[in-house]
Amino acid sequence: EKRSEPPRRDEHRADSKPFARAPPGSQTRKRSRRGSPLNQSLKQLEKAAEKGNATVARKSFKFILHTGSKLMKTKGAEALAATDRALSVLESQNWADVTSYTMVINLLAKAAAGGNSTALDHAFDVMSAMVSNGIDPSIYTFNALMNVCAKSAAAGYGEKILEICHTVLVMMEDAEVEPDTITFTTMLDGCSRAAAARGGRGGWTRGWEKGLEILEEMRER
């Protein structure tokens, strides 16, 4: 008996159709219909809130902030808007905690570093909302706020930022939270940025003097 030979790779059935490639731009259109990663995650977060699933909601929240951090340079306004919306969803379910607020303030520090002049006021608003909701800021929260202050020195605040940094110290004292090394080194960073923003010999001399004052205050504490 003769055995039938298997068909060769280059032979096709009469009814077979060649592989058709997707038309150019079709994948882009599909992605645009689905929406951006931020919008998709916001929808997941909102659905989780509707179902009362705090675990999924918090995971979506963290993804939104992580993605927003990556997009801050190119789509900063969209990233901050998505972050505000995500935080409000958590707040509506009483799921926002000290970590949630601290993450948002950390993201605002990155916005300030990119020259966003509204990030500082935004950060203080987030801190106020946190306290209003009965959540006590931690040392990490205050240091994140101090970081927004420091990064805002070059965003139009200049030397005024040093006064705002001291306001944060007063807030810490009222909350009975002791500043640590990171608190003061962040203030020094703000001092350096303020001096650089002012420029010239006078700016750096003034920055040096303010830096010494911060170090002295650090020793006293």
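Me: In this predicted model, what share of the contacts between residues at least 6 apart in sequence joins residues at least 24 apart?

Reply: The share is 67%.

Me: What makes up the secondary structure of the chain?

Reply: The chain has nine helices and zero strands. Read along the sequence, the pattern is α-α-α-α-α-α-α-α-α.

Me: How many of the residues count as buried, as a percentage of the chain?

Reply: Of the 221 residues, 38% count as buried; each of these therefore has under 20% relative accessible area. The accessible surface of the chain comes to about 14000 Å², and carbon and sulfur atoms account for 51% of that surface.

Me: Why is the span of helix H7 called close to the expected one?

Reply: Helix H7 covers residues 160–174, which is 15 residues.

Me: Which residues of H7 are buried, and why are they said to lie on the same side of the helix?

Reply: Ile-161, Leu-162, Ile-164, Cys-165, Val-168, Leu-169 and Met-172 are the buried residues of H7. They cover an arc of only 160° around the axis, and therefore they lie on the same side of H7.

Me: Which residues are exposed on the other side of H7?

Reply: Lys-160, Glu-163, Glu-173 and Asp-174 are exposed there; each therefore has over 50% relative accessible area.

Me: Which residue with positive phi follows H7?

Reply: Glu-176 follows H7, with a phi near 60°.

Definitions and conventions: Residues are numbered from 1 along each chain as its sequence is written. This is a predicted model: local features need pLDDT of at least 70, side-chain atom pairs count only at pLDDT 80 or more; totals for chains, interfaces and linings use all residues. Side-chain values use heavy atoms; hydrogens and water are left out. Helices (H or I, at least four residues) and strands (E, at least two) are DSSP runs, numbered from the N terminus. The expected span of a helix is 1.5 Å times one less than its number of residues. Buried means under 20% relative accessible area, exposed over 50%, partly exposed in between (1.4 Å probe, protein chains only). The arc is that of the directions from the helix axis to the C-beta atoms. Contact means heavy atoms within 4.5 Å. Accessible areas come from the Shrake-Rupley method with a 1.4 Å probe; for residues, only the protein chains shown count as cover.
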